[in-house]
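Colleague: I am new to this structure. Please show me how to read its features, one at a time.

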Amino acid sequence: MAGDTIGANEVVKDTRFANNVIHSAGRDYKAAPGVTILFGQDLRMVHNEVFDTPYTGITAGIVQGHATDADNPGNNPNVNARNVISNNLIYNYMQELRDGGAIYVEGHQAEYIEKADGTLDIAATRASGFRASGNVAFNDRPDTNYTYYDDAGSQFITWDSNVAFKTSGASQGGCSPAGYLWTENNYLSGRIGRYPCPPDPLAVVTGNNTEIPSSPTLADVPEGKFAEAGLEPAHRALSRSGLLELRYESPRSADGTRLLAVSGLTDHTRIYAGRTLLEQRRISSTFVEVAVPDAVASHPISVGRPAHPHQWTRVNETDPSTTSSGWSRSSGRGLGDLHDDLLYAKENGSTVSFRFTGSRVRIYGETNADQGELAITVDGGDAVIVDTRSPSRQSNTVVYETPRLNDGEHAVTITKVSGTYGTFDGYEYLDRW
């Protein structure tokens, strides 16, 4: 427009974006993130829920850093400074596209501050940089690269006290960031500090991070992490805007409880194991703890209405529907395996296959430090890579569950890819939706 001045007057400053529910973005333009932050200073994006996005959940500085790397950290500077993304809940992101994450960052995220001698004051510049803290992310697509993604040219970024689980790829990293990256005090199920593209980033600091299982319980992550992510208590009623759907369920803890994530959750939502109504304790706008009695421990969890009592059928690995090559049977382990036995493989490339008639299947096995990756294909489709490594042993646990399939017969093949052992403890299929 005539007379329009381009400059500092166009910088977004001192904006607080809080207690919003953002979902189902990008219906027409798939590359639209749930939230985009470009050039800003002193921005606060806090206590929001972002879910069901085809691409990245939240992006900050996209396409700002490709002229910058560790060899040229001063290239392509911009005005970003002191921006904070904290206590957000991000799930079911990256559902259709690739090369993104829960939070994706590019380029300069701080205005350089120099000492009296003209050298860069790293501590002061970090204080004016980008901070992501207290965020909880889960449920991406199997080929997602990173959960917390500091990509091309990224610099002066702090990842502090975040949580990531039920994800694929690394929990934190990127391609050719410039550096000055701090990853501390996080609870993450994937790798930290994966930077495969040269040159290596400058000044990467990691510390006091906790590795958690891919499917954690409240014994693995402090409850406060879940309670403080997403909508603040005064705004919880907004959670009803999402479709009522079970998004995550943890393994059953020793005290008989499960941690659930439920979109569309309200104080009046009924939760069942089979047809049994469960006692529940709401932790946040989306997370809830339920008490599951021993008598219904194997029954499927459902929200809103009871499940059919015979929906799921568990099948042991010794069933005639299963064939294997390179796998051996181990019995009498006393570790809680179904029927006290399972199949195991040591050689990469070993396969086990089975067929079932239904619309969904859960694959059971063991997670442990000596486990590795499994490649799982359904009906000859693209392989899904599942990482079964875990800090501690969990037997008779679900290592992978398919999305909804067409009703009918399906063929599943599991291939050992890495690790000392691969395990298979049978499967459970849904005979009707």
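Modeller: Start with a strand pair. Strand β23 (residues 257-263) and strand β27 (residues 287-291) run antiparallel, joined by five bridges. Strands here are DSSP runs of E, at least two residues long, while helices are runs of H or I with at least four; both are numbered from the N terminus. Two strands pair if DSSP finds at least two bridges between them.

Colleague: Which residue in β27 is the bridge partner of Leu260?

Modeller: Val288 is the partner of Leu260.

Colleague: Before we go on, what kind of model is this?

Modeller: This is a predicted model: local features need pLDDT of at least 70, side-chain atom pairs count only at pLDDT 80 or more, and totals for chains, interfaces and linings use all residues. Residues are numbered from 1 along each chain as its sequence is written, and side-chain values use heavy atoms, with hydrogens and water left out.

Colleague: How do I read a whole sheet?

Modeller: Strands of a sheet pair through backbone hydrogen bonds, either parallel or antiparallel. Axes are lines fitted to C-alpha atoms, for helices over the stretch in contact, and angles run from 0 to 180 degrees between N-to-C directions.

Colleague: What is the order of the open sheet of three strands?

Modeller: The order is β31-β32-β39, again with antiparallel pairing. β31 (328-331) and β39 (422-424) stand at the edges with a single partner strand each, so one side of each has no neighbour in the sheet. Neighbouring strands here are turned by 35° against each other on average, ignoring direction. β31 pairs with β32 (residues 341-345) over four bridges, in the antiparallel sense. Ser331 stands opposite Asp341 in β32.

Colleague: Now a loop. Where is Arg141?

Modeller: Arg141 is in the loop between β13 (136-138) and β14 (146-150). Read its contacts next; contact means heavy atoms within 4.5 Å. Leaving out residues up to four places away in sequence, Arg141 touches Tyr93, Met94, Gln95, Glu96, Leu97, Arg98 and Ser168. A polar atom of the Arg141 side chain lies 2.8 Å from the backbone oxygen of Glu96. The C-alpha atoms of Arg141 and Thr167 are separated by 7.4 Å, though these residues are 26 apart along the chain.

Colleague: Is Ser161 buried or exposed?

Modeller: Buried means under 20% relative accessible area, exposed over 50%, and partly exposed in between (1.4 Å probe, protein chains only). Ser161 has 15% relative accessibility, so this residue counts as buried. Ser161 is in the loop between β15 (155-160) and β16 (163-165). Among the residues it touches, beyond four places away in sequence, are Ser133, Glu184 and Lys225.

Colleague: How do I read the whole protein?

Modeller: Count the elements, then check the overall size. The protein has two helices and 40 strands. Buried residues make up 52% of its 433 residues. The C-alpha trace spans about 75 × 50 × 40 Å along its principal axes. Among contacts with a separation of 6 or more, 74% join residues 24 or more positions apart.

Notes: Polar contact = N/O pair within 3.5 Å; in protein donor to acceptor, adjacent residues only side chain to side chain.
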